[in-house]
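Please look over the structure shown below before reading on. The report that follows takes up a pocket, some helix contacts and some peptide bonds in turn.

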Amino acid sequence: MVSAFGLFRWVGGYSDRVFANRFRTRFPEKTLSYSGDQLGELVQSDLRMKYVFPILFPLDLIVMLALAGAMGAASSHWLNQIYPSAAWLGLVVPAVYLLSDLIEDCLLAWLLLHGDPHAAARSISVLKAITTIKLVSVSASIALTAIAFVGWLFHSESLAI
């Protein structure tokens, strides 16, 4: 799991260097506070192809698979140890994150490849809704993994006594 978060940081740093001179990082993926004009500017920029490849595909895809896989495996395992009937939750929450991040990346790649600022402006509410689901589900996945780990620690401690 540590390597998944390390990979997340590395890809974030790489993309920040790519975007440094033009945009404040990958704003469509990290925030909800941008306008249709800003998104339109991005889809017409000279960075759009670099954003699609290698940032969205394959780097972000690798990161989302690593994060969702690590958090899903860990939280499901720990939940299974302390409350077996809730182990499914450890898989579902990271799966929602994975699916929403993948949909977000596909929509963003489509917008970037087409380079149409009007299509970007029309898609902004859908993109922001998907990003909201992604941000909430990744936060919930992190929290669930931490809670499952702490619960497992205390459960293991009580069994050892």
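## The largest pocket

In this predicted model, the largest pocket has a volume of about 270 Å³. Its lining is made up of 15 residues, and those closest to the centre of the pocket are Phe8, Tyr97, Lys134, Leu135 and Val138. The elements that contribute two or more residues to this lining are α1 (2-19), α2 (27-30), α4 (48-82), α5 and α6 (117-160).

Helix α6 supplies the largest share of the lining, namely 5 residues. Sorted by class, the residues that line the largest pocket are 8 nonpolar, 1 polar and 6 charged.

## Helices α1 and α4

Two packed helices are described by the angle between their axes and the distance between the axes. For α1 and α4, the axes come within 9 Å and cross at roughly 160°, and because angles over 145 degrees count as roughly antiparallel, α1 is roughly antiparallel to α4. The crossing of these two helices, α1 and α4, is left-handed.

On the α1 side, the residues that take part in the contact are Ala4, Phe5, Leu7, Phe8, Trp10, Val11, Tyr14, Ser15, Val18 and Phe19, while α4 brings Lys50, Tyr51, Pro54, Ile55, Leu59, Ile62, Val63, Ala66, Leu67, Ala70 and Met71. By class, the contact of α1 with α4 consists of 19 nonpolar residues, together with 1 polar and 1 charged. Phe8, listed here among the α1 residues that meet α4, is also one of the residues closest to the centre of the largest pocket.

The peptide bond that runs from Phe53 to Pro54 is cis, with omega near 20°, and Pro54 has its place in helix α4. Pro54 is also one of the α4 residues that meet α1.

Another cis peptide bond joins Phe57 and Pro58, where omega is about 20°. Pro58, too, has its place in helix α4.

## Helices α3 and α5

The axes of helix α3, which covers residues 36-44, and helix α5, which covers residues 89-114, come within 7 Å and cross at roughly 65°. The two helices, α3 and α5, are therefore roughly perpendicular to each other, and their crossing is right-handed.

In this contact, Leu39, Leu42 and Val43 in α3 meet Leu108, Leu111 and Leu112 in α5. The residues of the contact of α3 with α5 comprise 6 nonpolar, with no polar and no charged residues among them.

Terms used: Residues are numbered from 1 along each chain as its sequence is written. This is a predicted model: local features need pLDDT of at least 70, side-chain atom pairs count only at pLDDT 80 or more; totals for chains, interfaces and linings use all residues. Side-chain values use heavy atoms; hydrogens and water are left out. Axes are lines fitted to C-alpha atoms, for helices over the stretch in contact, and angles run from 0 to 180 degrees between N-to-C directions. Helices (H or I, at least four residues) and strands (E, at least two) are DSSP runs, numbered from the N terminus. Angles under 35 degrees count as roughly parallel, over 145 as roughly antiparallel, 65 to 115 as roughly perpendicular and the rest as oblique. A crossing is left-handed if the near helix is turned anticlockwise from the far one by less than a right angle, and right-handed if clockwise. Contact means heavy atoms within 4.5 Å. Ala, Val, Leu, Ile, Met, Phe, Trp, Tyr, Cys and Pro count as nonpolar, Asp, Glu, Lys and Arg as charged, and the others, Gly among them, as polar. On a 1 Å grid over the protein atoms alone, a cavity is a set of points where a 1.4 Å probe fits but cannot get out, and a pocket is an open set with protein on both sides within 12 Å along at least five of seven lines; lining residues have an atom within 4 Å of a point. Grid points are joined across faces, edges and corners, and a volume is the space filled by probe spheres set on the points.
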